[in-house]
Amino acid sequence: MSKTPQAIRGTQDIFGPDAEAFAFVVETFERVRKLYRFRRVEMPVFEKTEVFARSIGETTDIVSKEMYSFEDRGGESLTLRPEFTAGIARAYLTNGWQQHAPLKVATHGPLFRYERPQKGRYRQFHQIDAEIIGAAEPQADVELLAMADQVIRELGIEGVTLHLNTLGDGDSREAWRAALVEYFGAVKGELSEDSQERLDKNPLRILDSKDPRDRKFVADAPKIDQFLSDDARAFFGAVTSGLDAAGVKWTRAESLVRGLDYYRHTAFEFIPDEGSAAAGALGSQSTILGGGRYDGLMESLGGHPTPAVGWAAGIERLAMLVGDKGEAPADVIVVVEDDSLMAAGVTTLGKLRAAGLTAEMIASGSPRKRFDKAVKVGALSIVGLSVRDGETNLRIKAEGDMADRVEAIVR
Ligand code: ATP
Ligand code: MG
């Protein structure tokens with residue numbers, strides 16, 4: 001016999017309780033995004049490579065080493081999406097969605113990054129994603145973050161805190177950048193190879209490094225606050241007071257920068273608190289949700305300047321924190337205890353489902369053992385159909401008011 005094919009490294013076949021937890025995350029997100037009136041979008045899984053290269057930035061980890069790019073049969077370079085934002089921005093421009101601005105959209109689905117697979121880090125993973133495009137006001141940041149916070153709370157996830165920073169406007173960011181080049185330049189030889197390179201290309205990203213050689217210099221690096229323009233300071237102040245008014249808890253994280261080129265002003269991550277159960281469950285892959293304001297992105301794709309803010313969260317990482325959602329028992333199991341009643345069983349099953357009860361049927365194996373099998377599988381109620389004295393006999397085994405409910409439907 002030939003060898004069975006193996007799954008691709010870094011992909012997952014999600015099943016059982018893990019799949020239920022995954023679905024719970026998606027369902028909760030769908031419910032909450034409707035509360036905030038985010039509109040649903042469905043996006044292509046692949047785009048022209050330049051969509052990501054131009055918006056995320058050539059020197060980012062994603063573009064320089066994580067993308068799944070290939071030539072299609074027409075010789076065009078395409079890339080499996082490593083994130084949603086760039087594709088949504090492309091769609092905003094190509095479809096003239098400006099007419100809907102400010103546009104609040106939400107989506108979820110698979111993303112692809114060539115990374116070293118480990119717990120909470122995969123090559124095909126999934127995100128929930130929310131964006132507000134064409135809104136320059138800090139109120140948009142507040143709305144977006146309030147929604148993120150509500151998603152996490154409704155998932156029942158505890159011990160996770162919003163870490164918030166501002167990268168300032170263009171001028172503040174430039175002054176900060178120069179100060180970082182000077183600071184890190186003085187210790188260049190002691191930095192990781194990656195960060196030595198970042199020093200020329202994007203020194204902000206050294207702050208985002210996970211390498212211990214870099215981490216030890218990050219704490220004392222110059223802070224953005226010294227360089228904020230009055231406008232940028234006022235913007236950040238409006239975001240933080242809006243969050244307070246909305247009841248969203250946050251903490252200031254002065255060296256949080258995020259790894260992408262396109263961020264301005266607000267940048268944020270939801271991170272498990274040290275020592276919390278959530279931190280324990282996720283190990284070192286601790287950021288569950290990240291995002292920020294990307295006012296410069298549309299221009300990098302050749303569009304007009306368009307202010308926007310968004311976030312994305314890993315579904316797998318969220319699912320690891322929602323606990324065991326189990327697979328709920330059925331409301332009803334219909335047991336066909338005599339094969340001549342197969343049609344009646346199917347009809348009963350249909351009535352139950354039409355009435356909104358979850359139901360399945362047991363109608364195989366030895367007829368006398370079927371009822372016991374249903375008891376063993378377990379359900380909130382069991383309906384047995386048998387023949388007694390030539391008549392159909394119905395017996396219902398149920399707890400509490402379920403008995404009356406089922407009785408009313410099946411009689
Ligand atoms: P990290 O620092 O963990 O690499 P990131 O900054 O690359 O994360 P983003 O691009 O901000 O991540 O994506 C947002 C979220 O998507 C992350 O917080 C995480 O929950 C999830 N995520 C990102 N990459 C992966 C991956 N390879 N596998 C699983 N989840 C991921
Ligand atoms: Mg990453």
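## Contacts with ligand 1

A polar contact is a pair of N or O atoms within 3.5 Å. The model discussed here is predicted. In it, Lys210 places a polar side-chain atom 2.9 Å from an oxygen atom of ligand 1, a separation that falls within the 3.5 Å cut-off. An N or O atom in the side chain of Arg258 lies 2.6 Å from an oxygen atom of ligand 1. Ile288 takes part through its backbone: one of its N or O atoms is 3.1 Å from an oxygen atom of the ligand.

The protein buries 90% of the 580 Å² that ligand 1 exposes when taken alone. Two elements each give two or more residues to the shell around the ligand, namely strand S6 (124-133) and strand S11 (308-314).

## Composition of the shell

There are 15 residues around ligand 1. Those that come nearest are Arg113, Glu115, Arg121, Lys210 and Arg258.

By residue class, the shell holds six charged, five nonpolar and four polar residues.

## Domain division

The chain is divided into two parts, domain 1 and domain 2. Domain 1 is made up of the segments 17-169 and 229-319, while domain 2 covers 330-410. A distance of 47 Å separates the C-alpha centres of domain 1 and domain 2.

## The sheet S2-S4-S3

An open sheet is formed by three strands, in the order S2-S4-S3, with antiparallel pairing. Strand S2 (46-48) and strand S3 (68-71) are the edge strands, and each of them pairs on one side only. From one strand to the next, the twist averages 30 degrees.

Three bridges make up the antiparallel pairing of S2 with strand S4 (residues 77-80). Within S4, Leu78 stands opposite Lys48.

Strand S14 (residues 379-388) and strand S15 (residues 391-398) run antiparallel and are joined by eight bridges. One of the residue pairs is Ser381 with Ala398, the latter being its bridge partner in S15.

S14 and S15 form a hairpin, with two residues between the strands. In the turn, Asp389 has a positive phi of about 50 degrees.

How values were computed: Residues are numbered from 1 along each chain as its sequence is written. Chains are lettered from A and ligands numbered from 1 in the order in which they are written. This is a predicted model: local features need pLDDT of at least 70, side-chain atom pairs count only at pLDDT 80 or more; totals for chains, interfaces and linings use all residues. Side-chain values use heavy atoms; hydrogens and water are left out. A residue is near a molecule or strand if one of its heavy atoms lies within 4 Å of it. A polar contact is a pair of N or O atoms within 3.5 Å; within protein, one must be able to donate a hydrogen and the other to accept it, and residues adjacent in sequence count only if both atoms are side-chain atoms. Accessible areas come from the Shrake-Rupley method with a 1.4 Å probe; for residues, only the protein chains shown count as cover. Helices (H or I, at least four residues) and strands (E, at least two) are DSSP runs, numbered from the N terminus. Ala, Val, Leu, Ile, Met, Phe, Trp, Tyr, Cys and Pro count as nonpolar, Asp, Glu, Lys and Arg as charged, and the others, Gly among them, as polar. Domain bounds come from an automatic or database domain assignment. Two strands pair if DSSP finds at least two bridges between them. Axes are lines fitted to C-alpha atoms, for helices over the stretch in contact, and angles run from 0 to 180 degrees between N-to-C directions.
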